[in-house]
Amino acid sequence: KVSTDGTVQYSMQRNYPAVRQLSPAKRERILVTGGAGFVGSHLVDRLMWMGHEVIVLDNFFTGTKRNVQHWIGHPHFELVSHDVVDPFMIEVSQIYHLACPASPPHYQYNPTKTVKTSVMGTINMLGLAKRTKARFLLTSTSEIYGDPEEHPQKETYWGHVNPIGPRACYDEGKRIAETLTYSYMRQNDVDVRVARIFNTFGPRMSPADGRVVSNFIMQALRSEPLTIYGDGDQTRSFQYVHDLVDGLILLMNKNYMEPVNLGNTEEYTIKDFAIMIRDQVISSPVAKPVNDVKIKTLPAAMDDPRKRKPDITRAKKYLGWEPRFAVKQGIQETVDWFKLQQVEGAI
Ligand code: NAD
Ligand code: UDP
């Protein structure tokens with residue numbers, strides 16, 4: 001605050017978002033690896049609002065302190081700069097293990113490091129779960145199904161992954177992370193949960209992330225052509241991040257140990273998705289006018305799955321979960337968030 005005589009006064013008081021008061025007996029001490037990332041930071045918000053104690057472990061490769069800055073200094077919150085490839089000692093009751101780059105450009109930037117993160121990072125976190133008897137949840141991915149021959153994909157499908165292609169560091173890394181998770185369950189009685197997450201979008205996606213939703217929104221906002229890789233007939237099913245967070249917390253706290261798909265069953269071709277996003281960006285209230293936005297085709301990405309859609313029967317049956325947000329509604333909120341960032345000069 002600048003006072004009338006021009007001196008600057010610093011206040012140590014901060015206004016934090018309100019959190020529920022939980023009795024110490026009900027309050028979990030929760031570790032979230034990758035908690036400064038896109039999904040992780042939304043999960044952290046929810047766990048904090050619920051009244052738990054949250055420790056975030058992140059090396060800030062793709063995440064940023066900005067995503068959790070509103071909690072820094074809160075007595076229930078701790079942010080630790082750490083790479084999960086190295087062991088970490090702490091006492092916790094639950095571990096959400098998210099740390100891993102998730103967008104193709106980021107996980108392909110240093111493929112060996114991506115494999116190390118999935119393999120060594122997951123071993124370290126499972127070792128921690130074993131010692132502390134914490135419940136462990138792995139955020140696996142629909143990518144473990146590869147370019148699927150079964151559609152929609154059920155959890156019983158074993159997948160169709162190229163083990164030596166450019167996506168293998170991520171897909172195979174997550175497959176071995178699942179194998180490790182069930183090995184620790186069988187061998188060491190670790191209490192495990194595995195979420196197979198399908199394409200997720202929402203506020204706090206990094207504009208430079210390289211995934212399709214942030215690419216298309218940023219391109220439309222800058223009146224640049226939307227870039228479709230390949231013919232655009234490949235499909236994806238997109239879920240809004242708040243639905244995913246609901247599913248992760250339900251899964252952690254239910255007594256179900258098999259893998260569970262978490263995704264929205266609304267399936268789009270990338271071509272149709274581009275048109276939908278362009279129209280939403282153009283029609284929503286604008287701070288900066290968006291001019292005519294074209295769509296252009298670029299060469300297809302190697303090993304790009306042709307189709308993807310979750311079968312969520314298991315999540316419905318065992319978690320009582322299904323998405324609450326229509327894709328268009330989520331896209332609208334995400335477009336509004338990106339626009340706000342643009343107005344504030346943050347992107
Ligand atoms: P993200 O890139 O925004 O977040 C990943 C976080 O992990 C970042 O904060 C990053 O800095 C951190 N990280 C990466 N390597 C690390 C390391 N070695 N040590 C410590 N921290 C590290 O990605 P996201 O979309 O939030 O994904 C989170 C998790 O969910 C990932 O495990 C991803 O595989 C999984 N997932 C996400 C999606 C999706 O569509 N968002 C889909 C399937 C699975
Ligand atoms: N994609 C695209 N243009 C882009 C980014 C992605 O056409 O600017 C396509 C990509 O080839 C894939 C789909 O959109 O078919 C989803 O890509 P993303 O990287 O978001 O996720 P993933 O391939 O991991 O599902």
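Q: How do the residues of the shell around ligand 2 divide into nonpolar, polar and charged?
A: Six are nonpolar, five polar and three charged. Ala, Val, Leu, Ile, Met, Phe, Trp, Tyr, Cys and Pro count as nonpolar, Asp, Glu, Lys and Arg as charged, and the others, Gly among them, as polar. This is a predicted model: local features need pLDDT of at least 70, side-chain atom pairs count only at pLDDT 80 or more, and totals for chains, interfaces and linings use all residues. Residues are numbered from 1 along each chain as its sequence is written, while chains are lettered from A and ligands numbered from 1 in the order in which they are written.

Q: Which residues are closest to ligand 2?
A: Arg211, Val212, Asn215, Tyr229 and Gln234, out of 14 that surround ligand 2. A residue is near a molecule if its C-beta atom, placed from the backbone, lies within 6 Å of it.

Q: What makes S8 stand out around ligand 2?
A: S8 gives the most to that shell, with three residues.

Q: Which residues come nearest to ligand 1?
A: Gly34, Gly37, Val39, Thr62 and Gly63, of 28 around ligand 1. Helix H1 (38-49), helix H3 (111-132) and strand S5 (135-141) each give two or more residues. Helices (H or I, at least four residues) and strands (E, at least two) are DSSP runs, numbered from the N terminus.

Q: What does Phe136 touch, not counting residues up to four places away in sequence?
A: Ile95, His97, Met125, Leu126, Ala129, Val190, Asp191 and Val192. Contact means C-beta atoms, placed from the backbone, within 7 Å.

How values were computed: Contact = placed C-beta atoms within 7 Å.
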